Amino acid sequence: MKWALLTLLFTIAAVLTGCEPLMVLDPKGPQAATQAKDIMLSIGIMSVIVLAVFGILIFMLTKYRASKQSKNYEPPHIEGSVLVETICVGIPVLIVIFLSIVSVQSNYKVEAKPTGYGDKEPLIIYASSSNWKWHFSYPEENIETVNYLYIPTDRPIEFKLYSYGPITSFWIPQLGGQKYAMSDMVNTLHLAADVPGEYMGRNANFSGKGFAENTFNVKAMSEDEFSKWVKEVKKTAKPLTEDKFAELLEPGHLGQSTYTGTHLGFLPPPEGENGGHNHGSSHSMKAEKNDPSNESSSESEHHHH
Amino acid sequence: MDFFDRFAIPHPSPVIYASMVAIGLTVIVIIAGLTYFKKWGYLWSEWLTTVDHKRIGIMYLISALLMLFRGGVDAIMMRAQLAVPENKLLDAQHYNEIFTTHGVVMIIFMAMPFIMALMNFVVPLQIGARDVAFPRLNALSFWLFFMGAMLFNISFVIGGSPDAGWTSYFPLAGTEFSESVGSNYYMIAIQIAGIGTLMTGINFITTILKMRAPGMTLMKMPMFTWSALVTNAIIVFAFPVLTVLLAMGTMDRLFGTHFFTTTNGGMDMLWANFFWVWGHPEVYILILPAFGIYSEVISTFARRNLYGYKSMVGSMVIISLLSFLVWTHHFFTMGQGALTNSIFSITTMAIAVPTGVKLFNWLFTLWKGKIEVTTPMLYALLFIPTFTIGGVTGVMLGMSAADYQYHNTMFLVAHFHMVIIPGVVFAMLAGLTYYWPKMFGFMLNEKIGKFSAWIISMSTLLAFIPMFFSGLDGQARRMYTYSESTGFGPWNMVSFIGAAGLAVGFALIVYNIYYSTRYASRDIAADPWDARSLEWATHTPVPAYNFAILPHVNSSEALWDAKKHGHELFPGEYEKIHMPNNSGVPFIMSSIFFVWGFSFVFSLWIPLILTTIGIFVCMGLRSFEKDHGHYISVDEIEETENNLRGA
């Protein structure tokens with residue numbers, strides 16, 4: 001019975017893994033590659049540990065079963081030995097130290113501008129979520145898209161993430177791991193694409209009824225094609241007005257759309273970056289006095305309801 | 001009519017109406033049955049008012065099994081919905097409610113009472129005590145948990161279930177995005193149960209520190225008692241955080257404060273931090289008693305003392321400290337930067353070291369043993385490889401840069417189920433089978449028991465291994481559906497088959513209880529497993545006073561020493577025994593708490609004020625009551641002991 005089940009399990013696993021490579025392990029950019037490398041490395045080391053435990057368990061079970069021993073056998077009293085305990089602590093400690101070094105290095109890699117692209121300036125894109133859509137603002141190009149993202153290859157990209165509502169998580173598995181978009185703080189996510197192509201992007205953090213469909217398409221293309229697309233958008237797309245953006249923020253699902261201009265002017269992202277929070281109304285009142293562009297911030301709160 | 005509108009279900013479906021009818025009929029059957037068999041008096045005097053730790057343990061056990069059924073039905077519905085792409089079995093709203101209640105029920109109302117059941121039943125017996133330190137407080141703990149569980153469970157037929165996930169992250173769970181009363185249930189029901197848990201923590205720390213049998217120094221305590229001590233210490237430090245957090249959440253939802261809202265300076269990150277400052281230690285609150293059970297079971301059936309007793313104790317203490325230093329790993333992706341993530345990445349992976357020590361000590365306990373594979377032992381042996389897979393994937397998740405890819409995916413879901421099911425559920429089933437004869441005076445059938453253990457463990461692999469793959473393939477958790485082009489279909493179908501297998505396994509356990517109740521021999525010894533610690537040194541059924549003479553202890557395996565090395569366990573003569581009186585106050589007070597909670601959920605302020613007064617009246621009554629308990633006379637003890645010995 002048990003063997004039948006085990007065989008079934010392994011057959012299914014074998015058939016399924018025979019298919020296309022898993023998305024996370026099929027990276028198309030440097031950050032995802034760093035992460036995939038860490039994942040494969042840790043799977044390797046962990047497999048050794050799993051096999052060691054299985055090995056010891058099988059050894060103990062075959063050798064010390066009651067049915068294999070004489071009736072009079074009395075197991076001895078063994079307190080434990082310092083040597084064995086030292087090995088049991090020592091080896092895991094060494095493994096953890098090794099993995100910690102790898103982990104810390106990778107942390108600083110994925111939290112920094114990807115290297116290897118010369119002195120190219122990163123492309124800055126503001127990615128904000130609202131129930132249940134993604135808004136992508138390109139401040140330098142002065143255009144904005146909904147639910148789709150065009151990016152150039154071979155250039156670092158700096159995403160500025162925030163949310164008009166529940167916490168969401170911006171994730172393009174083949175380009176790199178996710179990060180939260182929140183209403184009171186702007187997060188920065190560094191990515192880059194090395195291979196042109198279309199990739200899946202989504203909100204990975206549960207955000208209510210429309211969460212499952214809260215996805216977006218990513219298309220990576222050469223720098224030339226990208227600037228061609230920007231030009232075309234500027235020629236053909238309608239301007240993004242305050243009213244139009246308020247309409248876009250209404251809860252629901254939308255298709256893809258494109259605008260000239262961005263919402264960053266009339267509805268700026270939360271103040272500060274990586275730790276700069278918008279603390280209380282007194283703070284934002286002060287800001288309003290100094291900065292006329294913040295005048296609409298009180299209005300922004302109406303959209304949230 | 002406006003008044004009654006609030007109690008309506010916002011998203012009704014035939015399943016919910018059917019459940020309403022089923023709940024109604026069950027209540028009628030129970031009331032009619034109790035009346036027909038004239039059992040109201042028995043129920044009141046023997047169970048509802050009892051302060052006996054053994055009976056409270058059994059009531060926890062029954063509640064846990066009921067909640068396992070409830071949470072399991074949720075699980076099956078989820079896996080069925082996801083079994084094929086674009087399935088229409090459930091809509092988004094129902095799916096969201098179901099995964100929310102699945103999580104809350106399984107963690108708070110299934111796993112917690114299960115460990116409480118075993119701690120209540122076993123710890124006083126294992127330390128040679130006659131009850132816990134505060135028996136009436138113990139009854140109050142149970143009834144508060146029970147009323148919290150009932151309040152949470154009526155949500156899906158009155159007013160609507162919570163739907164913001166078991167983590168209930170704000171601002172999603174706030175009134176801005178969750179208008180229905182569902183999240184009120186979450187805040188209030190868990191609060192009521194949590195107060196009970198906090199009291200248990202204080203009660204058991206006191207019991208273990210102050211009421212051990214003569215000779216039982218701390219380092220001579222059986223391992224399960226050690227695990228209970230460490231667990232309750234974690235409870236006392238972690239649960240106040242939950243209490244405060246839920247109070248803040250309640251104020252945001254009902255009184256218009258802005259702790260976690262998107263406007264007026266609310267901070268959504270605060271909820272996530274607080275939640276996991278409680279939530280991560282909570283994981284160890286569940287797993288450490290499970291480790292304690294495994295230590296007892298493996299040592300008993302390897303017929304050997306536990307290998308490395310001191311390092312077992314040490315590793316639990318280290319785990320309990322580290323458990324408070326890792327909470328950020330639940331949101332490496334929140335943007336706290338490389339330095340913070342690096343620190344928490346290292347503390348997280350460090351937990352693998354003491355956990356590994358425990359694992360290797362169990363393996364070395366088998367060394368030179370005489371291993372007998374009974375049902376509890378089978379669970380323990382299946383636990384080791386399954387838990388190892390779950391555990392090492394935890395180390396992988398601890399690598400924060402890689403976690404950006406695992407976070408919020410099915411990989412994470414696979415990991416924590418592969419830790420909690422073998423770690424906690426197998427242990428509880430092992431403990432259930434192991435202690436069943438002490439609780440009920442007969443053994444569960446070994447054949448059915450072993451068969452269900454195999455089904456459950458293999459189904460666990462079948463249900464959760466595929467999720468590692470679909471997670472790495474980009475399947476986020478908590479999605480109610482997916483399109484066929486994603487390629488998630490086959491993985492989820494296998495998961496569904498595994499979930500169905502788990503259902504079969506648990507049904508077999510229910511059948512085993514029925515079968516054994518009917519056919520098992522009642523003529524069993526007080527120590528049917530040939531065990532090693534004090535809980536097996538008293539009679540079966542255990543008399544109300546546990547031990548006629550308090551045992552004298554010389555090692556962590558006092559019974560074994562008595563059996564093998566001629567240690568005298570019960571020196572001396574019978575003396576009259578002081579025992580606590582039963583009390584109806586805990587049950588009545590908790591019932592008032594139930595109405596209090598219900599009023600809170602629906603903002604019914606007048607009943608809320610009245611019940612608040614009622615709760616204080618109950619506390620006042622207790623404060624001024626002069627109840628000094630009662631004595632059992634020597635004659636009565638002699639009579640009971642002779643009867644039990646004769647039986």
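Colleague: At what angle do the axes of helix α7 (residues 182-210) of chain B and helix α19 (residues 585-601) of chain B cross?

Modeller: Keep in mind that this is a predicted model. The axes of α7(B) and α19(B) cross at roughly 160 degrees and come within 9 Å. An angle over 145 degrees counts as roughly antiparallel, so α7(B) is roughly antiparallel to α19(B). The crossing of α7(B) past α19(B) is right-handed.

Colleague: Which residues make the contact between α7(B) and α19(B)?

Modeller: On α7(B) they are B:Asn184, B:Tyr185, B:Ile188, B:Ala189 and B:Ile192, and α19(B) supplies B:Phe593, B:Gly597, B:Phe600 and B:Val601. By class, this contact has 7 nonpolar residues, 2 polar and no charged.

Colleague: Now the sheet. In what order do the 7 strands of the open sheet in chain A run?

Modeller: In general, the strands of a sheet pair through backbone hydrogen bonds, either parallel or antiparallel. In chain A the order is β8-β5-β1-β2-β3-β12-β11, and the pairing is mixed.

Colleague: Why is one side of β8 and of β11 in chain A left without a neighbour in the sheet?

Modeller: Because β8 (187-191) and β11 (238-239) of chain A stand at the edges, where each has a single partner strand. For β11(A), strand β12 (residues 257-260) of chain A pairs with it in the parallel sense, over 2 bridges. Within this pair, A:Pro239 lies opposite A:Thr260 of β12(A).

Colleague: What does the domain assignment give for chain A?

Modeller: It gives domain 1 (23-58 + 83-112) and domain 2 (123-272 + 284-304). Taken over C-alpha atoms, the centres of these two domains of chain A are 34 Å apart.

Colleague: How many residues of domain 1 of chain A are in contact with domain 2 of chain A?

Modeller: There are 12 from domain 1, against 13 residues of domain 2. Helix α2 (residues 30-63) of chain A brings the largest share of the domain 1 side, 4 residues. That side of domain 1 divides into 7 nonpolar, 3 polar and 2 charged residues.

Colleague: And between the chains, how many residues does the contact take from chain B and from chain A?

Modeller: The size of an interface is often given as the accessible area lost when the parts come together. Here we have residue counts: 85 from chain B and 88 from chain A. On the chain B side, helix α12 (residues 352-366) of chain B gives the largest share, 9 residues. The chain B side that touches chain A comprises 49 nonpolar, 27 polar and 9 charged residues.

Notes: Residues are numbered from 1 along each chain as its sequence is written. Chains are lettered from A and ligands numbered from 1 in the order in which they are written. This is a predicted model: local features need pLDDT of at least 70, side-chain atom pairs count only at pLDDT 80 or more; totals for chains, interfaces and linings use all residues. Two residues are in contact if their C-beta atoms, placed from the backbone, lie within 7 Å. Ala, Val, Leu, Ile, Met, Phe, Trp, Tyr, Cys and Pro count as nonpolar, Asp, Glu, Lys and Arg as charged, and the others, Gly among them, as polar. Domain bounds come from an automatic or database domain assignment. Two strands pair if DSSP finds at least two bridges between them. Axes are lines fitted to C-alpha atoms, for helices over the stretch in contact, and angles run from 0 to 180 degrees between N-to-C directions. Angles under 35 degrees count as roughly parallel, over 145 as roughly antiparallel, 65 to 115 as roughly perpendicular and the rest as oblique. A crossing is left-handed if the near helix is turned anticlockwise from the far one by less than a right angle, and right-handed if clockwise.
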